[in-house]
Amino acid sequence: MALLTVEHLTMKFGGLVAVNDFDLALEKNEIVGLIGPNGAGKTTVFNMIAGYYTPTEGAIRFQGSSIAGQKANRITKAGIARTFQNIRLFSELSVIENVMIGYHCRIRSTFLGATLRFPLYRREEKMMVEGAMNLLREVGLEDVAREMSTSLPYGKQRRLEIARALATGPQLLLLDEPAAGMNANETQDLLQLILKLRKDYNLTVFLIEHDMKFVMEICERLKVLDYGTTIAEGTPHEIQNNPRVIEAYLGEVQRA
Amino acid sequence: MDPNHLRNQILSIAGTVVLLALLYVANTQGSDYTIRILNNIAIFIILAVSYNLINGVTGQFSLAPNAFVAIGSYTSALLTLTPMEKEISFIIEPCIWPLSVITLPFIVSLVAAGVVAALLALLMGFPVFRTRGDYLAIVTLGFGEVVRVIANNTQSITNGPLGLKGIADFTNIWWAWGFAIITVFLIGRMIRSSYGMAMKAVKFDQAAAEAVGINTYWHKMLAFTTSAFFQGVGGGLLAHLITTISPVLFTFFLTFNLLIIIVAGGLGSTTGAIIAAILFTWGGEALRFVEEPMDLGFIDIPGIPGMRMVIFSVILVLIMIFARQGLMGTREFNWNWVCRKLGIGGRS
Ligand SMILES: Nc1ncnc2c1ncn2[C@@H]1O[C@H](COP(=O)(O)OP(=O)(O)O)[C@@H](O)[C@H]1O
Ligand SMILES: [Mg+2]
């Protein structure tokens, strides 16, 4: 059974059909890419899966149960974590706190227990600190753990956002333009990182990205959106040679 | 996590002991006037620190502290007044049963004051936070007025505009400061726990908070209700300090004063709220002279009531223009910083 199935997903904003009849089935451990020109509706697909928008039509099933229209925090708890196209870290929290907070939704301590620091909370706090530290090590940020998140350079902020998403214990990771603003080296490191994380945490990854070299190298399958409509899907090789995709999108990328 | 944790804990306990010793000295040597100001300071610390929890830490703009303080004041006063005192006070309509026959110990009345305020916060928060937090300011502002109107018109419960008189003066320096210390300790711990971190996350970026699985609705409710609880307790202490309460005491001015305090202290900083509460209460007393008639030799200025509010408003405006972060920004007092400044090394 697929981990995530999306059927006939449609999102209308007033008269604008941002996403039209979108289908998707993600198998466990896959890395699948969603590409297309700006404004094609890619982020809107993420927003529907992650619970930020209630789809106008269509079904979303995660591990067999319907999640369409559920609240975002419930969906995160169910096992889908995301990052944002425009990085959204908690600016006044330190780097490690930004990750620790990802564990908060999983603790069993009540707020009274946490305030009074009952033994359960102390154990859970220790778990949060250690878990966050491990994740920071995993993404290569352990040496800046105590710094403010906004003082980090762009590439590191992107990694921090991934670490924060992982802290929620996801099975499915949605990455919205993870390589945006990165140079070639950073992008290559990111690619290795995502592959490593998939292995270590048994993840399934669904990502949006404009960097075609990155996408073609990391993704096993691709879906191409244009004006909300799926115009192609297949392996990177098939997509690269699809005339419709070249016309609508890749031509533009190559010219740029 | 912090290698100086034990040292800092000892310093905190030592600091509290020093504070208590100073209060003891003030209580035995100080004038009634000094003691009164100290009591006021303690109550304002309770109100400001709890107000900061919802407005500063969680970023939800509530305008209801006057309502919660009013509810706390009335609740605890009605619970400690003896049946006889109630019979004397309620001259227009008798007090309703069972309030008319109940008398409870002070501490029970304070807890009840907090609980009633918290329950009302729960009732109000439910519809407001379910939709969008944006309406909180409007709804809480309206709620403050509703509470005042009710206090004015439910003659048989609140004694209407006459208010309640002859409330026992139970609030002394130990009750007031005892609760101030408990409030700061508990709210401080709450803010430092992962629940507090989640509340900050809600303030910084609600969508990102949801993305990390935080139930933003529940955390807003938590902050709002906790804040109301302590404001209710503060109200109870206030009633038993001034011994006479009436609806006019709890106008929007009270909320406005608290708003000035938490903004001046730095929204989100408990330390800032405490410092500003002290400055404001003490400054309010020190500035009393500006409302009295003055003879400057060449000119006679008549007393202008409300002049202090004007001064405080000007201060607030100046802060908003020149020091938006307030005294502390979102920083907190911490022993590591103090020790570093004093040149006492610690492990790091
Ligand atoms: N909340 C919204 N309200 C109205 N229109 C929106 C909203 N979100 C996205 N859109 C529109 O939907 C279209 C797709 O946007 P988006 O999904 O962000 O594109 P992409 O991520 O592929 O660049 C755009 O035309 C955008 O303006
Ligand atoms: Mg996008």
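Q: What does A:Thr150 touch, leaving out residues up to four places away in sequence?
A: A:Thr150 touches A:Ser91 and A:Gln157. Contact here means heavy atoms within 4.5 Å.

Q: Before I go on, what kind of model is this?
A: This is a predicted model, where local features need pLDDT of at least 70 and side-chain atom pairs count only at pLDDT 80 or more, while totals for chains, interfaces and linings use all residues. Residues are numbered from 1 along each chain as its sequence is written, chains are lettered from A and ligands numbered from 1 in the order in which they are written, and side-chain values use heavy atoms, with hydrogens and water left out.

Q: Back to A:Thr150. Where does it lie?
A: In the loop between α5 (119–138) and α6 (154–167) of chain A. Helices (H or I, at least four residues) and strands (E, at least two) are DSSP runs, numbered from the N terminus.

Q: How far is A:Thr150 from A:Tyr103?
A: They are 47 residues apart in sequence and 21 Å apart in space, C-alpha to C-alpha.

Q: New topic. What coordinates the magnesium ion, ligand 2?
A: A:Thr43 through OG1 and A:Gln85 through OE1, at 2.0 to 2.1 Å. The pair links distant parts of the chain, 42 residues apart. A:Thr43 is in helix α1 (residues 42–49) of chain A, and A:Gln85 is in the loop between β6 (80–82) and α3 (95–104) of chain A. Donors are N, O and S atoms within 2.8 Å of the metal (3.2 Å for Na, K and Ca); water is not among the atoms, so sites may look incomplete.

Q: And how accessible are A:Thr43 and A:Gln85?
A: A:Thr43 is partly exposed at 24%. A:Gln85 is also partly exposed, at 31%.

Q: How many salt bridges between chain B and chain A?
A: One. B:Asp205 pairs with A:Arg88, the closest N and O atoms being 2.8 Å apart. A salt bridge is a side-chain nitrogen of Lys or Arg within 4 Å of a carboxyl oxygen of Asp or Glu.

Q: How many residue pairs are in polar contact across the interface?
A: Ten, with both residues at pLDDT 80 or more. A polar contact is a pair of N or O atoms within 3.5 Å; within protein, one must be able to donate a hydrogen and the other to accept it, and residues adjacent in sequence count only if both atoms are side-chain atoms.

Q: Why is α9(B) described as largely enclosed?
A: Because eight of its eleven residues are buried. Among them are B:Tyr195, B:Met197 and B:Val202.

Q: What caps the N-terminal end of α9(B)?
A: B:Ser193 does, with a side-chain oxygen 3.1 Å from the backbone nitrogen of B:Tyr195.

Q: How many salt bridges over all chains?
A: Eleven. One of them joins A:Glu161 and A:Arg164 at 3.6 Å, N to O. These two are three residues apart in helix α6 of chain A, so about one helical turn separates them. A:Glu161 is buried at 1%, and A:Arg164 is buried at 1%.

Q: What about A:Glu217 and A:Lys213?
A: They form a salt bridge, with the closest N and O atoms 3.9 Å apart. A:Glu217 is partly exposed at 45%, while A:Lys213 is exposed at 58%.

Q: Last one. What is phi for A:Glu177?
A: Positive, about 50 degrees, although A:Glu177 is not a glycine. Most residues other than glycine have a negative phi. A:Glu177 is in the loop between β7 (172–176) and α7 (184–201) of chain A, and it is buried at 8%.

Terms used. Buried < 20%, exposed > 50% of the residue type's maximum accessible area, 1.4 Å probe, protein only.
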